[in-house]
Amino acid sequence: MAGLKTIIALSFVLAIGFLLVILSCALWHVYYPLLVVATYVIAPLPNWICNRAANPDDFMESAGNGVIDFGRFLTGFLVVMGIALPVLLAHCALISAPAMVMSIIGGLLIYGTIISFTMFFQEDEEF
């Protein structure tokens, strides 16, 4: 059971992640790294949607594995894109290397907070 301390800790880590991404944009006056925030906010959605759409049956364990695997693939693609996008922008000289590092670390903190929040506050399904 997650309590108030967990919520405070997760919100603190989320605020640090957003601060790093915003600073990576504001310090160098280039706002391309904000795309990382959108990528990491959208990343858990395919996994959540496909887990809801799979509707596993008690009698057949492998009934919805294709849908679940597709959701995991899309989530993994978006997470890798959140890391690769700042690297690509730095390689094309649209952002600087410190902005790239700050954007990647901030994005990973944001995504980690979202995943931790869903793990700590996941409701158990009972029949």
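Q: What pattern does the protein follow, read along the sequence?
A: This is a predicted model, in which local features need pLDDT of at least 70, side-chain atom pairs count only at pLDDT 80 or more, and totals for chains, interfaces and linings use all residues. Residues are numbered from 1 along each chain as its sequence is written, and side-chain values use heavy atoms, with hydrogens and water left out. Helices (H or I, at least four residues) and strands (E, at least two) are DSSP runs numbered from the N terminus. There are five helices and zero strands, and the pattern is α-α-α-α-α.

Q: How are α2 and α4 oriented to each other?
A: Axes are lines fitted to C-alpha atoms, for helices over the stretch in contact (heavy atoms within 4.5 Å), and angles run from 0 to 180 degrees between N-to-C directions. The axes of α2 (residues 34-42) and α4 (residues 65-91) come within 8 Å and cross at roughly 170°. Angles under 35 degrees count as roughly parallel, over 145 as roughly antiparallel, 65 to 115 as roughly perpendicular and the rest as oblique. The two helices, α2 and α4, are therefore roughly antiparallel.

Q: Which residues of α4 make the contact with α2?
A: On the α2 side, the contact is made by L35, V36, T39, Y40 and I42. The α4 side consists of L78, V79, M81, G82, I83, L85 and P86.

Q: How far apart are the end C-alpha atoms of residues 70-89?
A: An unreviewed UniProt entry annotates residues 70-89 as one of its "transmembrane region" spans; such annotations may be inferred rather than shown by experiment. In the model, residues 70-89 are 100% helix and 0% strand. Their end C-alpha atoms lie apart by 28 Å.
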